[in-house]
Amino acid sequence: MLGIGSKRQRAINLALQGGGVHGAFTWGVLDRLLEDDEPLRFSWISATSAGAVNAAALASGLAGGGREQARQTLRRVWEAVQEAGVPDLMRLNPFLRGISRPVAALLSPYDFNPLGFDPLRRILNGHIDFERIRAYADLELLIAATDVATGAKRLFRRAELSVEAVLASACLPTIHHAVEIEGRAYWDGGFSANPDLVTLAAESPIGDTLLVLLSAMDEPGVPRSAREIAGTVSRITFNQPLRRDIELIEVARAAADMGWWRRTDTPARRLARHRFHLVEAGHHTAILPADSKIQPDRTTISRLFLAGHTEAGKWLDRHASAVGRHATVDLAQHLGKVSIPIARTREAYVPENDDPSQTEDPPRSAPASSA
């Protein structure tokens with residue numbers, strides 16, 4: 001029972017996008033959330049790539065000693081990233097140091113790093129307690145990786161989380177060997193879920209999610225140089241899974257508006273009613289060169305950390321009171337007005353799988369007139 005004058009702690013999910021070194025912005029966001037005087041309780045975290053590293057550090061710290069321990073673990077991980085030069089393997093190989101980046105880009109990591117050395121493995125093993133995370137039932141994790149053979153996403157949950165799972169989620173195939181887990185090879189989760197919003201919103205018992213967005217969804221102008229083109233291709237590629245998830249959420253909401261789901265406690269209904277919130281780094285990261293994502297420059301990391309800390313503070317001041325009450329962003333409108341891919345007709349109807357006997361047919365569209 002709550003005592004007189006006490007407040008019920010608000011709970012929220014986190015969705016942490018990938019973005020390499022730009023994940024230092026997310027570190028800043030998490031640090032600010034953790035130090036807040038009226039802290040939010042984290043329930044589920046969906047994360048990819050650099051977001052997965054941040055999620056694992058956060059979970060390890062919370063499991064090991066609470067919020068202050070989580071702040072310290074995050075800081076140690078990012079300080080180690082700066083010291084190790086992760087993931088810039090160019091300077092770790094004497095051959096690569098002697099040739100230009102364009103030439104090096106033509107080489108496979110199986111050529112320039114035949115032993116599969118990944119300094120991130122040492123950092124994760126040195127600072128994150130995965131056994132403690134697996135036993136920490138107060139938090140659920142969804143860490144995304146991409147199956148190389150099928151292109152499908154694989155979500156590693158808290159109970160199965162390992163250093164291999166986080167490395168798989170952060171495995172850029174141009175830099176690292178594919179990560180093998182249980183006989184399957186995995187690449188960066190950003191190709192398939194960046195991060196997964198649908199599973200998070202449909203399954204979490206908490207109805208609010210804060211999305212930390214690292215990549216700009218829309219950039220003006222046409223890229224002309226080879227570096228600009230490569231950066232834009234990367235941005236479009238890694239943003240597509242998020243756009244797809246937002247479209248699916250919009251379809252679920254359209255179906256709910258049509259009254260097709262009468263029951264309230266179903267994954268589809270929870271997806272349609274989920275409340276989203278947003279902290280974005282776009283105007284901070286858009287001015288950085290594309291290859292800054294893979295160059296752990298100390299100045300860049302420090303600036304992005306401070307930017308994330310500041311933006312999270314602004315969000316807390318403006319919107320923290322809305323958690324548990326209403327959304328503070330319409331993702332479909334805010335992130336480029338994504339389109340609903342299927343018309344609001346019978347073709348869009350997907351019956352509930354958990355209790356088919358109670359499913360009613362959707363409203364039928366008027367028959368087409370014959371010519």
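Q: What sits over the ring of phenylalanine 305?
A: The charged end of arginine 75 does, 5.4 Å from the ring centre. Keep in mind that this is a predicted model.

Q: Ok, and which ring does phenylalanine 305 pair with, and with what geometry?
A: Phenylalanine 305 pairs with tryptophan 27 in a tilted arrangement, 4.2 Å centre to centre with 40° between the planes. Tryptophan 27 belongs to helix 1 and phenylalanine 305 to helix 14 (residues 298-319), so the contact ties together parts that are 278 residues apart in sequence.

Q: Are tryptophan 27 and phenylalanine 305 buried or exposed?
A: Both tryptophan 27 and phenylalanine 305 are buried. Ring pairs also bring in Trp78, giving a cluster of Trp27, Trp78 and Phe305.

Q: How many aromatic pairs are there?
A: The count comes to four. One of them is phenylalanine 156 with tyrosine 186, an edge-to-face pair at 5.7 Å centre to centre and 75° between the planes.

Q: Where do phenylalanine 156 and tyrosine 186 lie?
A: Phenylalanine 156 is in strand 4 (residues 153-157) and tyrosine 186 is in strand 6 (residues 184-188), 30 residues apart. Phenylalanine 156 counts as buried because its relative accessibility is 2%, and tyrosine 186 is buried too, at 3%.

Q: Switching to strands. Why call strand 1 largely enclosed?
A: Six of the six residues of strand 1 (residues 11-16) are buried, so the rest of the structure largely encloses it.

Q: Which residues cover each face of strand 1?
A: Ala11, Asn13 and Ala15 are on one side, with Ile12, Leu14 and Leu16 on the other, and all of them are buried.

Q: Which strands are joined to strand 1?
A: Strand 2 (residues 41-48) runs parallel to strand 1 and is joined to it by five bridges. Strand 7 (residues 208-213) is also parallel to strand 1, with four bridges. For residue landmarks, leucine 14 stands opposite isoleucine 45 in strand 2, and alanine 15 stands opposite leucine 211 in strand 7.

Q: How does the chain cross from strand 1 to strand 2?
A: The chain goes through helix 1 (residues 24-35), making a right-handed β-α-β crossover.

Q: What about helix 2, how far does it reach?
A: Helix 2 (residues 50-65) has 16 residues and spans 23 Å from first C-alpha to last, close to the 22 Å expected. Just after helix 2 comes glycine 66, with a positive phi of about 105°.

Q: How many salt bridges does the structure hold?
A: There are 16. One of them joins aspartate 208 and arginine 275, 2.7 Å from N to O. That pair links strand 7 to strand 8 (residues 275-280), with the two residues 67 apart. Aspartate 208 is buried at 2% relative accessibility, while arginine 275 is partly exposed at 23%.

Q: Which residues are linked in a salt-bridge network?
A: Asp31, Arg32, Glu35, Asp36, Glu68 and Arg71 are linked that way. Within it, aspartate 36 and arginine 32 have their closest N and O atoms 3.4 Å apart.

Q: Why does aspartate 36 count as buried?
A: Aspartate 36 has a relative accessible area of 19%, and buried means under 20%. Arginine 32 is buried as well, at 17%.

Note on methods:
Residues are numbered from 1 along each chain as its sequence is written. This is a predicted model: local features need pLDDT of at least 70, side-chain atom pairs count only at pLDDT 80 or more; totals for chains, interfaces and linings use all residues. Side-chain values use heavy atoms; hydrogens and water are left out. Buried means under 20% relative accessible area, exposed over 50%, partly exposed in between (1.4 Å probe, protein chains only). Two strands pair if DSSP finds at least two bridges between them. A crossover is right-handed if, with the strands pointing away from the viewer, the path from the first strand over the helix to the second runs clockwise. The expected span of a helix is 1.5 Å times one less than its number of residues. Rings of Phe, Tyr and Trp (its six-membered ring) pair if their centres lie within 6.5 Å; planes under 30 degrees apart count as stacked, over 60 as edge-to-face and the rest as tilted. A charge sits over a ring if NZ of Lys or CZ of Arg is within 6 Å of the ring centre and within 35 degrees of the ring normal. A salt bridge is a side-chain nitrogen of Lys or Arg within 4 Å of a carboxyl oxygen of Asp or Glu.
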